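Subject: Structure handover and notes

Hello,

Please find the structure below. My notes follow it, with the cut-offs given where each term comes up.

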Amino acid sequence: MNKYDGLIFDLDGTMWDSTEPIVEAWNIILQKHPEIKRDPIVKSDLTDCMGKTMYTIAAMLFPNEEESVRNGLMDELCLYENEYLAKVGGKLYDKLETTLSELSKKYTLYIVSNCQDGYIEAFLKAHNLSDLFKDTECWGRTFVTKGETNKILIKRNNLQNPIYIGDTQGDKQSAIDAGIDFVFASYGFGNVDEYTYKIEKFSDLLDIL
């Protein structure tokens, strides 16, 4: 009998790295807004923002703009980003598809992310992974913390003892807030000081779960 009745995954830095196509997509939109005074987005701009909600990222990237302006711009960026990613995809971490396929034979799989609505769907569509996941939830639908978003998904699916897999301190905190165990994906974007398990590559999940 498995200890856990569900695996809940973070997306960025845990299952894929989409920074390069996002940079491409955002700069396409920014070229249409000469009134926004900032240099073109580069990859390091995004890695500094990973794990944060979209309007927090807007404040970080466009600190000189009024809140309404930067949030409206972020909405536009994210809408185009979803369309772009659904077509071009991102960089999946090594053996992600085969590992998820094996895990799905023993566990029910879920995704909870701090992303905008439509982002998870773009990931699933681009890489034909929709059939592997039972349910997803994100900040763009709940507008609450990731811990609370975890709770929403856990309650909706009647999970008794799921585990969360992520790569940042915020992911760890979301697991604590939801009262569940945490797997630290150390190959991702963040550093975490406490965890139930640690993996150095995605396929390590097969060894610990």
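In which loop is Asn-128 found? Asn-128 sits in the loop between H6 and strand E5 (133-138). Helices and strands here are DSSP runs numbered from the N terminus, with helices being H or I of at least four residues and strands E of at least two.

Before the rest, two remarks on the basis. This is a predicted model, in which local features need pLDDT of at least 70 and side-chain atom pairs count only at pLDDT 80 or more, while totals for chains, interfaces and linings use all residues. Residues are numbered from 1 along each chain as its sequence is written, and side-chain values use heavy atoms, with hydrogens and water left out.

Positive phi

Asn-128 is not a glycine, but its phi is positive, near 55 degrees. With a relative accessible area of 68%, Asn-128 is exposed. The terms are set as follows: buried is under 20% relative accessible area, exposed is over 50%, and partly exposed is in between, using a 1.4 Å probe and protein chains only. Asn-158 also has a positive phi, of about 55 degrees, and is not a glycine. Its place is the loop between helix H8 (146-156) and strand E6 (162-166). Asn-158 counts as exposed because its relative accessibility is 61%.

Helix packing

Two packed helices are described by the angle between their axes and the distance between the axes. For helix H4 (residues 67-88) and helix H6 (residues 119-126), the axes come within 7 Å and cross at roughly 15 degrees. That makes H4 roughly parallel to H6. Axes are lines fitted to C-alpha atoms, for helices over the stretch in contact, and angles run from 0 to 180 degrees between N-to-C directions. Angles under 35 degrees count as roughly parallel, over 145 as roughly antiparallel, 65 to 115 as roughly perpendicular and the rest as oblique. The crossing of H4 past H6 is right-handed, that is, the near helix is turned clockwise from the far one by less than a right angle. On the H4 side, Glu-81, Asn-82, Leu-85 and Ala-86 meet Tyr-119, Ala-122, Lys-125 and Ala-126 of H6. Contact means heavy atoms within 4.5 Å.

Leu-61

Leu-61 belongs to helix H3 (residues 54-61). Its relative accessibility is 6%, so Leu-61 counts as buried. Apart from neighbours within four places in sequence, Leu-61 is in contact with Trp-26, Arg-38, Ile-41, Asp-45 and Cys-49.

Cysteines

How many disulfides does the structure hold? The count is zero, a disulfide being a pair of cysteine sulfur atoms within 2.5 Å. The cysteine sulfur closest to that of Cys-115 is in Cys-138, at 4.5 Å, which is too far for a bond. Cys-115 is buried at 4% relative accessibility, and Cys-138 is buried with a relative accessible area of 1%.

Aromatic pairs

There are nine aromatic pairs. Rings of Phe, Tyr and Trp (its six-membered ring) pair if their centres lie within 6.5 Å; planes under 30 degrees apart count as stacked, over 60 as edge-to-face and the rest as tilted. One of the pairs is Phe-9 with Phe-202, which is tilted, at 5.8 Å centre to centre and 35 degrees between the planes. Phe-9 lies in strand E1 (residues 6-9) and Phe-202 in the loop between strand E8 (197-199) and helix H10 (205-208), so this pair ties together parts that are 193 residues apart in sequence. Phe-9 and Phe-202 are both buried. Ring pairs also link Phe-9, Phe-133 and Phe-202 into a cluster.

Regards
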